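Dear colleague,

Please find below the structure that I am handing over to you.

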Amino acid sequence: MIANFSIAATDTNGINENFDSTLNVCSYFLMDSDIKGKVHNPNYYFNNSNPARLNHLDLLLLTQGWRDFVWKKFPNLNVNKNFKVEKGISITGKVENLFGTTAKENNQVQMILLNNKATAMLNGTTDVNGKFEFNNIVFKGTATMLLNTKNQKGKNSGEFVLDSIYNPPMAVDFKAFKPLNEEESQISQLKTNLRNKNILFNIPEENQLKDVIITAKKKKDDTTESRYGFADFTYIPEEKGPRSSNIFILLQIAIPNLTATANSVRFNRYNGPPIILVDGIETDMNLLSSISTDDIAKIEAIKGPGAAVYGSQGANGALIIYTKLGKGSTTSKKVFHSIAMPIDGYQNTQFFYSPDYSQPKPLENNKADIRNTLYWNPYVKPDEKGNATISYYNNEVDTTVNIDLERITNNGIPIVIKSSYQIKK
């Protein structure tokens, strides 16, 4: 059987866990994700040993506003829908005329993704309804997405209307609940058992983790962060630094090997002018000259191959200027044919730490092993005969260890298996 399993081995810490009280993949996908509030003992409704579970499940759903219905068999109903296999992230949308909602047919759409200094460039064309789509995009972490659209003559034209990339979760509105006495008792007992385990192995009180308070500094304004992920040179004006009378003098001081006058701006290695962006919007010399040097938050220069992301417009490099919050709106008009925004890809792979005592180190010999989670693996793949082998080290406590194995079959059926064993010296 082809399958992927997740498996976890955890110390019970003296609590005889009731199977019905835990939340797992079965109770979540078949019930918890669709109803409001907290369900007490969710697995009770999926435990085969409870003959009344289905009737009680109906009662539970009735309290949530659900109603039973009878599915009628329709005669001569032939439904054969094919759905595309999702192999990655899809970015779709529509290009319309700037005024009105008329679709822009046969517009060129270019998408550039910048992620960890890697660049991907995709091109497409809008259909008769102005729609475009880029499918099966796979990347990890956060990337900067640059979208641009042009008409058949190669001129920037049209307005983007993007579809939602990520569907928001269903809104749930329910009042906070007070834990039941049984749950409060178990939490108190668990705290006591954990404290006793620390005392048994002479773990000082000051080494025991107490309440954690997380503090952070206020995030800087987004206009001071790079939208493009890279730059050959960056200049940030200092508050007490020297002042320049105009933008062109500041550019010559801030960016090495750049010549700037009221008539032209260029990098010395190139004969032509670079593309100039102010707050992500392409700007000409007239608008550039109207920017006050006091309004500038950061200047970036891209002189090398990195400017290729701008196509032929970046052949002579790119000069990127960020203004302070609230500034720049009077010097630049909104551009509808281009979009620059961060998007999230797949989460970077993280591995669960599991100690290896096959070759013990001197420091490990002096440390007590009292882990609460002994092993976790979200990807266990059986062989052709359905067998799989895992190995890990137990801790040093006489206790009972729970084994939780979960999976979803190829047909979408969730499966949960629980077992346990004891550790004795």
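The notes below cover a sheet, the salt bridges and a surface patch. Please bear in mind that this is a predicted model.

Five strands form an open sheet with mixed pairing, in the order 8-13-14-11-12. Its edges are strand 8 (233-235) and strand 12 (281-282); each has a single partner strand, so one side of each has no neighbour in the sheet. Strand 12 runs antiparallel to strand 11 (residues 275-278), and two bridges join them. Within this pairing, Val278 has Ile281 of strand 12 as its bridge partner. Helix 4 (residues 247-254) packs on the sheet, where it touches strand 8, strand 13 (296-302) and strand 14 (318-323). The direction of helix 4 makes about 55° with that of strand 13.

I turn next to the salt bridges. A search of the whole structure finds five, and three of these are described here.

- Lys197 pairs with Asp11, with 3.3 Å between the closest N and O atoms. Because Lys197 belongs to helix 3 (residues 181-200) and Asp11 to strand 1 (residues 5-11), the pair ties together parts that lie 186 residues apart in sequence. Lys197 is buried, at 7% relative accessible area, and Asp11 is also buried, at 8%.
- Glu300 pairs with Lys298, the closest N and O atoms being 3.4 Å apart. Glu300 has a relative accessible area of 2% and is therefore buried; Lys298, at 6%, counts as buried too.
- Asp404 pairs with Lys418, and here the closest N and O atoms are 2.2 Å apart. The pair links strand 17 (residues 399-408), which holds Asp404, to strand 18 (residues 414-423), which holds Lys418, across 14 residues. Asp404 counts as buried at 16% relative accessibility, whereas Lys418 is partly exposed, with a relative accessible area of 29%.

Leu23, Tyr28, Phe29, Leu30 and Ile408 make a nonpolar surface patch of about 490 Å². Helix 1 (residues 25-30) contributes the largest share of the patch, with three residues. Phe29 lies in helix 1.

With kind regards

Technical notes. Residues are numbered from 1 along each chain as its sequence is written. This is a predicted model: local features need pLDDT of at least 70, side-chain atom pairs count only at pLDDT 80 or more; totals for chains, interfaces and linings use all residues. Side-chain values use heavy atoms; hydrogens and water are left out. Patches are made of residues with over 30% relative accessible area and no salt bridge: like charges are joined within 9 Å, nonpolar side chains (Val, Leu, Ile, Met, Phe, Trp, Tyr) within 5 Å. Accessible areas come from the Shrake-Rupley method with a 1.4 Å probe; for residues, only the protein chains shown count as cover. A salt bridge is a side-chain nitrogen of Lys or Arg within 4 Å of a carboxyl oxygen of Asp or Glu. Helices (H or I, at least four residues) and strands (E, at least two) are DSSP runs, numbered from the N terminus. Two strands pair if DSSP finds at least two bridges between them. Contact means heavy atoms within 4.5 Å. Axes are lines fitted to C-alpha atoms, for helices over the stretch in contact, and angles run from 0 to 180 degrees between N-to-C directions. Buried means under 20% relative accessible area, exposed over 50%, partly exposed in between (1.4 Å probe, protein chains only).
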